[in-house]
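Reader: I would like to know what lies behind the labels used for this structure. Could you take me through them one at a time?

Author: Gladly; let us look at it together.

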Amino acid sequence: MLGRHGNNLFWMARYLERSENMARRIQAVLHHSLSREDEGRDEWAEIITNSELAHVFDEKYDGFSMINAINFLLRERQNLNSVITLITKSRQNGRAVRTSLTQEVWMSLNETWISSEALLRRPVNIHDLPIVLEEIIKGSSLFRGALYGTMLHNDIFNFLRLGTYVERADNTLRTVYSKYHRLLPTANVIGVSESQSQWEVMLRSLSAWRSLNWLKKGRIDPFSVADFLIFDQRMPRSINFCYYEVVSNLTDLARLYKKEYKSLDLARTLCCQLKKDRAKNIHKIDLKYFITEHIIKNNELGSIIADDFNLV
Amino acid sequence: MFDEMLSDQSHQGREPYRKLLSWLENQNLKKLSKKSKMAEEFFRRVGITFNVYGNEDGEERLIPFDLIPRILALDEWQKLEKGIIQRVVAINAFLRDVYNSQEIIRAGIIPEELIYPNPAFLPQMCGFIPPGGVYTHVVGVDIIRTGIDEFFVLEDNARVPSGVSYMMENRSTMLHMFPELFTEHNVRPISNYPKELFNSLISCVKTNIPDPNVVVLTPGIFNSAYYEHSFLADEMGAELVQGTDMEISNGEVMIRTTSGTEKVDVIYRRVDDDFIDPLSFNSKSMLGTPGLFDAYRKGNIVLANAPGAGIADDKAIYSYMPEIIKFYTGETPLLDNIPTWKCSDAESLRYVLENLRELVVKEVHGSGGYGMLIGPAASKRELSSFARKLRSNPSKYVAQPTLALSTVPILTKSGLAPRHVDFRPFVLVSPDTIKVTPGGLTRVALKKGSLIVNSSQGGGTKDTWVLGV
């Protein structure tokens with residue numbers, strides 16, 4: 001496989017994963033905001049600030065409102081991380097490697113793009129929003145289904161999965177980071193109901209709200225949230241799950257190409273570290289430092305993968 | 001005006017179309033239109049699109065597909081096939097000659113001022129014979145019809161002819177939508193094209209290379225024919241590469257893969273000569289691979305088509321094609337050229353200016369239907385502004401009579417309506433055989449009365465059937 005194609009596959013999956021995460025995030029915050037007088041102003045502001053594109057927002061929109069924020073995050077082409085920009089980039093990468101994809105995988109991606117372009121051609125209004133978001137997330141699911149059901153599980157598949165899990169780990173890490181203070185033991189004392197709704201937004205945006213509630217029979221506390229999102233091996237968006245998948249896909253590649261790779265060493269180290277940390281009492285972990293470290297390492301992992309496999 | 005379906009004195013339609021006509025009588029217009037929409041929807045979902053240049057947001061468009069097939073009887077096809085093969089033999093002989101001993105120039109048949117200063121002539125190719133002796137592995141010969149027995153070659157495409165993916169996709173769409181038509185007609189299959197392309201490409205590789213590695217070279221996803229590049233790579237099982245994926249190492253062409261580098265033996269290139277190698281050609285090109293041309297001259301790689309093949313399909317050379325055919329084959333041309341006035345010639349220029357209203361004027365180096373004048377369809381103002389352009393730079397233009405292109409009906413909202421068509425069959429050249437795929441791309445002008453069939457100008461396509469016995 002061409003190194004450039006490996007790169008296209010990796011980024012096609014990354015961008016699509018990122019767009020899905022963004023759509024889920026909007027969905028979660030919307031859910032939270034609708035029942036609030038201030039339209040969840042802080043939550044929206046937080047996403048926009050974290051995107052590091054606040055200046056674009058200020059330039060393009062006259063003042064803050066929920067609907068402005070949503071349009072910025074969904075369909076603003078100057079926002080490099082808006083859903084439509086991400087889907088377009090994913091599809092562009094996919095189009096460059098369409099010979100490596102099955103017809104079904106390519107068509108699910110192409111159709112997701114066509115329908116997103118149609119849904120987001122005009123500014124969205126609030127009553128269409130739930131359906132628009134559902135459609136976008138459904139597109140990602142269809143893609144994943146076609147991927148598992150029709151593609152050979154070979155190196156093409158491995159690069160796609162690597163893109164997905166490196167991106168997903170990054171997303172979960174950043175989501176936890178933005179709310180780490182709510183997960184500290186003191187948060188429990190400060191205000192249970194406020195923290196509760198914060199966890200809910202975070203968990204919903206990682207589609208983890210119902211599953212954790214079910215696992216904990218409704219008794220959610222900051223430790224269980226942190227433990228679930230970071231360590232739980234069953235949870236498909238936990239850091240541990242993502243690392244495990246990265247190791248497994250890199251192991252496949254190392255076996256196929258009969259080489260040893262730095263990226264595999266690093267991924268294994270990260271997995272081991274996580275195992276050790278889990279054995280510790282979660283109270284003893286400096287959460288902020290821990291998450292920051294992992295964001296940096298995961299980022300490094302992405303560039304080492306690119307070096308190892310000539311992804312250009 | 002000759003209509004390929006209906007121009008028949010018996011009023012039953014022409015013979016090859018009779019079964020189709022009786023089938024059409026039993027069809028419901030609404031249902032057909034619905035099928036037509038379905039086909040379009042399918043094309044969009046699969047991404048069978050082309051990019052329009054000069055369009056800011058890089059919009060991708062569909063080439064409209066008309067579901068009424070264009071049908072050629074076996075004897076009509078055989079006549080075309082013979083003429084095309086004769087022409088392609090001559091084109092290859094001409095290229096070999098013009099880049100080597102240049103006998104045709106010495107014989108005084110083609111003036112040297114048409115060759116040396118011509119931008120399509122690449123001096124870098126002189127004294128070199130490509131692997132297998134083949135210059136044009138793939139040729140598209142554009143043919144128009146004006147009557148029952150009147151076929152003319154409009155132009156030869158010897159550089160990087162495109163459109164073959166539409167030939168293939170149109171057929172598979174028809175098979176999918178109207179399987180019953182194919183049980184009633186004995187339509188010759190075209191599905192082997194990619195396999196035959198592959199075989200003809202590797203037939204030029206040195207015999208001591210066991211499993212030659214073929215790649216398709218594309219300028220990238222923003223090229224107007226990108227879909228076709230990916231389609232052909234896919235069908236041939238070849239890697240779809242860009243210039244930046246390749247490097248030259250010890251005179252061999254290598255591609256950079258996820259597990260190291262890999263040697264390449266054949267490049268089916270879909271980029272123009274200028275963009276192959278910045279060291280030998282356009283030094284500003286970002287698309288090329290430095291050193292590729294040197295590797296080619298060492299005989300280490302097959303490039304299809306050969307660089308410099310464009311000198312054979314140049315519009316100025318076109319008018320000499322009958323002489324070229326006679327010179328190299330000793331035969332009279334089986335397919336006619338369209339009479340062409342070279343405006344560089346003062347006498348011709350005067351004639352063209354006097355009769356502008358009746359002529360079609362084209363740029364010698366133009367393509368895609370851009371920058372041409374169709375006299376009968378032009379306004380007074382357009383005529384006079386074009387006349388000024390002609391006078392100020394006559395050698396840039398050639399002129400031809402406006403021919404009454406044949407029509408084939410298309411499906412419109414109000415039923416069948418005749419529209420002008422042209423035809424591009426595809427020819428594959430190997431060292432020892434030349435094959436013409438029985439079919440081709442029929443382009444159709446969708447606007448009533450229009451003679452411009454180019455997709456960039458709103459033309460559409462049809463499936464083309466060659467009937468067996």
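Reader: What makes helix 1 of chain A count as largely enclosed by the rest of the structure?

Author: First, a reminder that this is a predicted model. A residue is called buried if 20 or more other C-beta atoms lie within 10 Å of its own. In helix 1 of chain A, 29 of the 31 residues are buried, so the helix is largely enclosed by the rest of the structure.

Reader: How do you know that the length of helix 1 of chain A agrees with its number of residues?

Author: The expected span is 1.5 Å times one less than the number of residues. Helix 1 of chain A covers residues 3–33, which is 31 residues, so it should span 45 Å. The C-alpha atoms at its ends are 44 Å apart, which agrees.

Reader: Why is A:Gly40 called buried?

Author: The cut-off is 20 or more C-beta neighbours within 10 Å. A:Gly40 has 21 inside that distance, so A:Gly40 counts as buried. Its place is in the loop between helix 1 and helix 2 of chain A. Not counting residues up to four places away in sequence, A:Gly40 touches A:Val29, A:His32, A:Ser33 and A:Met66.

Reader: And why is B:Thr146 called partly exposed?

Author: Exposed needs 12 or fewer neighbours and buried needs 20 or more, with partly exposed in between. B:Thr146 has 15 C-beta neighbours inside 10 Å, so B:Thr146 counts as partly exposed. This residue lies in strand 4 (residues 138–147) of chain B.

Reader: What is B:Thr146 in contact with, leaving aside its neighbours within four places in sequence?

Author: Its partners are B:Phe2, B:Phe152, B:Leu403, B:Ala404, B:Leu405 and B:Ser406. B:Leu405 is 259 residues from B:Thr146 along the chain, and their C-alpha atoms are separated by 5.1 Å.

Reader: How do you know that helix 5 of chain A packs with helix 6 of chain A?

Author: Helix 5 (residues 83–96) and helix 6 (residues 103–119) of chain A have axes 10 Å apart, at an angle of about 150 degrees. The crossing is left-handed. Residues in contact have C-beta atoms within 7 Å. Among the residues that meet are A:Ile84, A:Ile87 and A:Arg91 in helix 5 of chain A and A:Trp106, A:Leu109 and A:Trp113 in helix 6 of chain A. By class, this contact has five nonpolar, six polar and one charged residues.

Reader: Finally, how many residues does each chain bring to the contact between chain A and chain B?

Author: Chain B gives 18 residues and chain A gives 18 residues. On the chain B side, the elements that give two or more residues are helix 2 (29–46), helix 8 (226–236), strand 7 (239–241) and strand 9 (252–257). That side has six nonpolar, six polar and six charged residues.

Notes:
Residues are numbered from 1 along each chain as its sequence is written. Chains are lettered from A and ligands numbered from 1 in the order in which they are written. This is a predicted model: local features need pLDDT of at least 70, side-chain atom pairs count only at pLDDT 80 or more; totals for chains, interfaces and linings use all residues. Two residues are in contact if their C-beta atoms, placed from the backbone, lie within 7 Å. Helices (H or I, at least four residues) and strands (E, at least two) are DSSP runs, numbered from the N terminus. Ala, Val, Leu, Ile, Met, Phe, Trp, Tyr, Cys and Pro count as nonpolar, Asp, Glu, Lys and Arg as charged, and the others, Gly among them, as polar. Axes are lines fitted to C-alpha atoms, for helices over the stretch in contact, and angles run from 0 to 180 degrees between N-to-C directions. A crossing is left-handed if the near helix is turned anticlockwise from the far one by less than a right angle, and right-handed if clockwise.
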